Amino acid sequence: MKTRLLASIIAFVIAFGGLNLSVLNAASHGGGGHDHSPLGEEMETISKAFRTLRRQAKDPAKNASSAALAGKMLAASQKSLEFEPAWKEDQPKGEQADFVKGYLKGMEQMVAQLTALEKAFKAGDNAKAEAIIAKLRDAQKKGHKAYKKPDED
Ligand code: HEM
């Protein structure tokens, strides 16, 4: 009797533990089945906010919302400074330190541009905001060419 009880408990623990793991797994991947690195997660945040921002950047009535979106992109860019590009691993050992340095420099420039962008919306300077947005698109293109693993697109 005791052994059967023990066996049931063990079976329960295994079943529950397994279930727990699959729930955790689904949660950590957002259920969408698409994996992002921690840097990729920040980039997704930046990308989503940028899409909305670009659509409304000309509209002065939306400047408060646009400033908030720029602020969101800014926070994600600052967070991105804590990570290294996955592509680093594929660079020759002797070039990895410079590779990361270059990436950080690019991200710092993006932080500076987003700080200016948030300020422009707060000041109601939509023409300046549009000019900064054009620079950001350029920074994205250059940053991805240099630091984003080509097959990740
Ligand atoms: C407005 C500007 C930018 C946007 C909208 C943007 C958007 C994105 C998106 C959507 C991804 C794919 C994320 C994923 O699927 O996991 C990505 C990845 C990446 N981006 Fe950006 N990005 C921007 C600027 C930059 C800049 C300036 C740099 C570098 C200085 C950069 C470096 C990277 C890297 C290295 C990855 C690959 C992630 C990894 O290695 O783990 N991005 N970005």
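Biologist: How many aromatic pairs does the structure hold?

Modeller: The structure holds three aromatic pairs. Rings of Phe, Tyr and Trp (its six-membered ring) pair if their centres lie within 6.5 Å; planes under 30 degrees apart count as stacked, over 60 as edge-to-face and the rest as tilted. This is a predicted model, in which local features need pLDDT of at least 70 and side-chain atom pairs count only at pLDDT 80 or more, while totals for chains, interfaces and linings use all residues. Residues are numbered from 1 along each chain as its sequence is written, and side-chain values use heavy atoms, with hydrogens and water left out.

Biologist: What is the pLDDT average of the protein chain?

Modeller: pLDDT is the predictor's confidence in each residue, from 0 to 100. The protein chain averages 87, and 77% of the residues score at least 70. Over residues 21-33 pLDDT stays under 50, and the model has three contacts for them beyond four places in sequence; contact means heavy atoms within 4.5 Å. Where pLDDT is low, the predicted coordinates should not be read in detail.

Biologist: Back to the rings. Which residues form one aromatic cluster?

Modeller: A pair of aromatic rings is described by the distance of the centres and the angle of the planes. Here the cluster consists of Trp87, Phe99, Tyr103 and Tyr147. Trp87 and Phe99 form an edge-to-face pair, 6.1 Å centre to centre with 80 degrees between the planes. Helices (H or I, at least four residues) are DSSP runs, as are strands (E, at least two), numbered from the N terminus. Phe99 and Tyr147 are also edge-to-face, at 5.2 Å and 70 degrees. Phe99 lies in helix H4 and Tyr147 in helix H5, so this pair ties together parts that are 48 residues apart in sequence.

Biologist: Is Phe99 buried or exposed?

Modeller: Buried means under 20% relative accessible area, exposed over 50%, partly exposed in between (1.4 Å probe, protein chains only). Phe99 is buried at 9%, whereas Tyr147 is partly exposed at 22%.

Biologist: Which residues touch the most other members of the largest nonpolar core?

Modeller: In soluble globular proteins, nonpolar side chains tend to be buried together. A nonpolar core is a set of buried Ala, Val, Leu, Ile, Met, Phe, Trp, Tyr and Cys residues joined through side-chain atoms within 4.5 Å. The largest one has 24 residues, and Leu53, Met73, Leu114, Leu117, Phe121, Ile133 and Leu136 touch the most other members. Helices H2 (38-56), H3 (63-80), H4 (96-122) and H5 (126-147) each give two or more residues to this core, with H4 giving the most, eight. Beyond four places in sequence, Ile133 touches Phe50, Leu53, Arg54, Ala57, Leu117 and Phe121.

Biologist: How many salt bridges are there?

Modeller: A salt bridge is a side-chain nitrogen of Lys or Arg within 4 Å of a carboxyl oxygen of Asp or Glu. The structure holds six. Lys149 and Asp90 form one of them, with their closest N and O atoms 3.1 Å apart. Lys149 lies in the segment after H5 and Asp90 in the loop between H3 and H4, so the pair ties together parts that are 59 residues apart in sequence. Asp138 and Lys142 meet in another, at 3.0 Å, N to O. These two are four residues apart in helix H5, separated by about one helical turn. Asp138 is partly exposed at 36%, and Lys142 is exposed at 56%.
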